[in-house]
Each structure stands twice: as C-alpha cells, then as structure tokens.
Protein chains: 2
Amino acid sequence: MTTIDMEQKILDKNDRIAQENRKRLDENHVFVVNLLASPGAGKTSTILATVRQLRDMFNIAVIEGDLASNVDSITMKEAGIPAVQINTAGTCHLEADMLSRALDVLDLPNLDLIIIENVGNLVCTADFYLGEDAKVMILSVPEGDDKPLKYPGMFQVAEAVILNKMDTLPVFDFDVKAFEDEVDNLNPGAPIFHIAATKDDGVKEWTDWLTEKIEAVAE
Amino acid sequence: MTTIDMEQKILDKNDRIAQENRKRLDENHVFVVNLLASPGAGKTSTILATVRQLRDMFNIAVIEGDLASNVDSITMKEAGIPAVQINTAGTCHLEADMLSRALDVLDLPNLDLIIIENVGNLVCTADFYLGEDAKVMILSVPEGDDKPLKYPGMFQVAEAVILNKMDTLPVFDFDVKAFEDEVDNLNPGAPIFHIAATKDDGVKEWTDWLTEKIEAVAE
C-alpha cells in the first residue's frame with residue numbers, strides 16, 4: 001500500500017517558472033514590484049516619479065509589458081533607466097516565462113529594484129504570479145471611485161494601492177472616502193497612497209514604503 | 001472516394017451561439033452595439049447621454065457586463081432604462097452565451113436598440129463576437145493619446161471610435177491629431193466622435209451615426 005503523506009501541490013507551468021524567477025531574485029537580493037492598472041492610469045508616469053525619488057539610493061531597472069509597441073521603454077531609456085520591453089503579442093497580461101526572459105538580459109547582481117509595468121488591464125493581470133515580491137495597483141481619479149466594486153480581484157491581490165492623478169480631483173466627481181472604504185473592505189489594512197505622479201506630489205510617502213521593502217530584501 | 005468540396009468552417013462554441021444571437025436579433029430587427037473601453041473611460045456616461053438623445057425615437061435596452069456588482073444596471077434603471085446585469089464572475093469579457101441569456105429576458109419584438117456595456121478591458125473584449133451589429137470603442141482623454149499604439153486590436157475591430165471627456169483636454173497632455181492619425185492607420189475611415197458625455201457635448205454627431213444604423217436594421 002502506498003501512502004501519499006505529503007500534499008503534492010501541482011504547480012502549473014506558469015507557477016513553476018515563477019518559482020524559478022523567485023529563486024533568481026532571492027539569490028540576487030533584488031526587490032520586484034509588479035504594477036497593475038488600467039490603460040492610462042499613469043503606470044509609466046508613476047515609474048518615472050518613483051525613479052526620480054529613488055535613483056540616488058538604488059540601482060533600478062524597468063520591465064515594460066505591452067501588447068505591442070515600445071513607446072514606454074523608449075521613455076525609460078530617455079530617462080536614463082535600463083529598460084526591457086516585452087511585447088505580449090496580444091496576451092492581456094504578463095506571464096512568468098516573459099519575466100524570465102527579461103531577467104536574462106538584466107544585470108541582476110547589480111540591481112536593487114525592478115519595476116514591472118504590466119499590460120494595462122484590471123482583470124487578467126491579477127491572476128498571474130510572476131515571481132514578484134509585491135503587486136501594487138494604481139487607480140487614477142478620472143477612472144471613478146466605483147472601480148473597487150467592479151474589479152475587486154485587483155484590489156484584493158495588491159499589497160498597496162496608489163491613487164494617481166490627485167491633481168485632477170477638482171475636475172472629476174470622485175469620492176475619495178467611498179473609494180478608500182471599499183478598498184479597505186476588500187483588502188483590510190493595505191496602504192493607499194495619494195499621488196500626482198507627473199508633478200511628483202505625494203510620491204515620497206509611496207517611495208518610503210517601497211524603500212523599506214527594498215532594504216529588507218537587500219539585507 | 002469522398003470529396004469534401006466545401007470548406008466546413010468549424011465555429012467554436014462562442015461563435016455558434018453568437019450566430020444564434022444574430023439570428024434572433026435579425027428576426028426582431030434590433031440593432032445591437034457592443035461598447036468596448038478601459039475601466040473608467042465613461043461607458044456608462046456615454047450610454048446615458050446616448051439614451052437621452054434617442055429615447056424619444058427608439059425603444060432602448062441596456063445590457064451591463066461586469067466582473068461583479070450591479071452599480072451600472074441600478075444607474076440605468078434609475079434613468080428609466082430597461083437594463084440587464086451580467087456578472088461574469090471574473091471573466092474579463094462578455095461571451096455569446098452571456099448575451100444569449102440576457103436576450104432571453106428582454107422584450108425583443110418591442111426593442112429597436114440594445115446597448116451592451118462590455119467589461120472594462122482594452123484587450124480581451126475585442127476577440128469575442130457576441131452577435132452584435134457593431135463594436136464601438138470609447139477612449140477617454142485622461143488615458144492618453146498613445147493608446148492606439150499600445151492596444152491596436154481594439155481600434156481595429158471598432159466600427160467607430162468615441163473620444164470621451166473632451167472637456168478635460170485642458171487638464172491633460174493629449175494630442176488629438178496624433179491620436180486620430182494613429183486610429184486612421186489602424187482602421188482607415190472609421191469615424192471618430194468627440195464627446196463629453198456627462199455634459200452632452202458632441203453627442204448628437206455620434207447618435208446621428210447610430211440612428212442611421214438603427215433605421216437600416218428596422219426596415
């Protein structure tokens with residue numbers, strides 16, 4: 001009689017590769033944040049603002065995920081940031097093997113932080129673990145305060161939530177209190193940072209949180 | 001010897017059901033528009049503005065697709081519009097069988113126009129034919145003018161493109177000419193309507209286009 005005394009968790013292909021990514025990142029003490037948001041929520045602007053705050057403290061690289069085009073990686077390179085473009089050729093989210101190939105071309109031993117800009121999508125990106133340390137969700141004020149009700153999964157998987165384009169609050173009917181209450185319902189205790197990325201407003205609170213995480217991994 | 005002299009196009013399950021939907025809609029002379037957009041681009045506001053323009057001319061119903069919640073169908077019903085809510089339970093797009101079930105509860109013989117609000121998503125929704133007459137893509141100014149480069153598929157499948165939140169143009173760095181040129185590259189000749197849905201600005205040009213389509217089907 002054979003006794004199976006240990007649960008053999010069957011990892012699918014994505015999760016196996018994600019674990020390999022995780023191992024490489026651990027070995028190199030690199031912190032990886034996977035940014036999730038709608039198209040146009042300001043992922044690229046948030047990355048640029050984050051890098052402006054942290055580039056004197058840490059070595060940073062950016063991985064840009066898009067269906068097509070390389071406009072974002074060009075923007076990053078113009079800002080002097082090492083950047084890898086992943087074109088998913090129609091796939092609505094990044095997968096672990098795409099990250100794996102991006103890690104191949106980065107100088108991991110000399111990096112402290114990798115920021116992944118996932119495909120703009122409030123649904124599919126939440127489901128894929130890439131091996132990252134944290135998913136962070138960005139919502140922008142113009143999108144409306146009801147988005148946690150409509151896209152709860154994204155807000156549940158995020159370690160932190162960034163509310164971007166706060167400078168446009170006077171132009172839009174956005175109830176910050178209602179938004180924050182609903183995020184707290186879905187993900188109790190997750191920090192919510194208010195920023196206007198293009199103006200560097202409020203970014204330091206977010207990067208202070210991130211700095212703690214990066215330093216914990218670097219030790 | 002058997003000769004297969006006709007290509008047997010194998011329709012997958014979605015497309016078979018979409019064809020059944022199509023047949024029911026044809027029989028009832030109902031025009032169906034499937035609205036695609038990012039989360040927060042203003043699909044709901046655009047529907048409300050469209051209904052304000054057309055409700056005296058046509059009998060209209062709305063089908064609301066969301067991962068979760070019924071906030072949009074409540075909004076529609078408060079505006080006196082027959083509305084069916086479809087919760088996709090995590091699926092990032094509507095599928096033909098979901099539309100089929102929604103059609104079951106609508107009074108098709110007495111309808112002229114059904115507006116479908118798809119799940120907010122600039123990727124997956126483009127790939128699924130539901131049996132609709134036309135897909136229409138809404139982009140909003142705050143999302144940025146580079147979206148056709150990053151999400152080309154959506155702009156290619158759309159019969160028309162609506163650029164919403166035009167009233168916020170002074171607040172955002174959005175190059176209308178560059179946007180329109182790129183849409184025209186992807187989808188030559190597709191009309192592009194400029195609207196501010198919450199203010200009813202520019203909506204008539206869009207609803208005039210839609211009216212022509214509805215009347216062609218009603219004949």
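Predicted model: local features only at pLDDT ≥ 70, side-chain atom pairs only at ≥ 80, totals over all residues.
**View 1. Strand 1 (residues 31-37) and strand 5 (residues 134-140) of chain A pair in the parallel sense over five bridges.**

**View 2. The open sheet of chain A has seven strands in the order 3-2-4-1-5-6-7, with parallel pairing.** At the edges you will meet strand 3 (83-87) and strand 7 (192-194) of chain A; each has a single partner strand, so one side of each is left without a neighbour in the sheet. On average, neighbouring strands of this sheet are turned by 20° against each other, direction ignored. Helix 2 of chain A lies across strand 1, strand 2 (60-66), strand 4 (113-117), strand 5 and strand 6 (160-164) of chain A. Relative to strand 4 of chain A, helix 2 of chain A runs at about 165°.

**View 3. Helix 2 (residues 43-54) and helix 8 (residues 203-218) of chain A cross at roughly 70°, their axes coming within 10 Å.** That angle makes helix 2 of chain A roughly perpendicular to helix 8 of chain A. The crossing of the two helices of chain A is right-handed. From helix 2 of chain A, the contact draws on Ala49(A), Thr50(A), Gln53(A) and Leu54(A). Helix 8 of chain A answers with Val203(A), Lys204(A), Thr207(A) and Thr211(A). Sorted by class, this contact of helix 2 with helix 8 of chain A has three nonpolar, four polar and one charged residues.

**View 4. Chain A meets chain B through 30 residues from chain A and 30 residues from chain B.** On the side of chain A that touches chain B, helix 5 (147-150) and helix 6 (152-157) of chain A each supply at least two residues. Helix 5 of chain A gives the most to this side, with three residues. By class, the side of chain A that touches chain B has 14 nonpolar, 10 polar and six charged residues.

**View 5. A rotation of 180° with 0.0 Å of shift along its axis superposes chain A on chain B, with an RMSD of 0.0 Å.** The two copies are thus related as by a two-fold rotation axis. The same surface serves both copies, as 100% of the contact residues of chain A recur in chain B.

**View 6. Strand 2 (residues 60-66) and strand 3 of chain B run parallel, joined by five bridges.** A handy landmark is Asp66(B), whose bridge partner in strand 3 of chain B is Asn87(B). Helix 2 (residues 43-54) of chain B packs on the sheet, touching strand 1 (31-37), strand 2, strand 4 (113-117), strand 5 (134-140) and strand 6 (160-164) of chain B. The direction of helix 2 of chain B makes about 165° with that of strand 4 of chain B.

**View 7. In chain B, the axes of helix 2 and helix 8 (residues 203-218) come within 10 Å and cross at roughly 70°.** The crossing of helix 2 and helix 8 of chain B is right-handed. Among the contact residues are Leu54(B) of helix 2 of chain B and Val203(B) of helix 8 of chain B.

Methods
Residues numbered from 1 in each chain as written. Chains lettered and ligands numbered in written order. Axes fitted to C-alpha atoms, helices over the stretch in contact; angles between N-to-C directions. Helix = DSSP H or I, 4+ residues; strand = E, 2+ residues; numbered from the N terminus. Parallel < 35°, antiparallel > 145°, perpendicular 65-115°, else oblique. Left-handed = near helix turned anticlockwise from the far one by under 90°. Contact = placed C-beta atoms within 7 Å. Nonpolar A, V, L, I, M, F, W, Y, C, P; charged D, E, K, R; others polar. Pairing = 2+ DSSP bridges. Least-squares fit on C-alpha atoms with pLDDT ≥ 70 in both.
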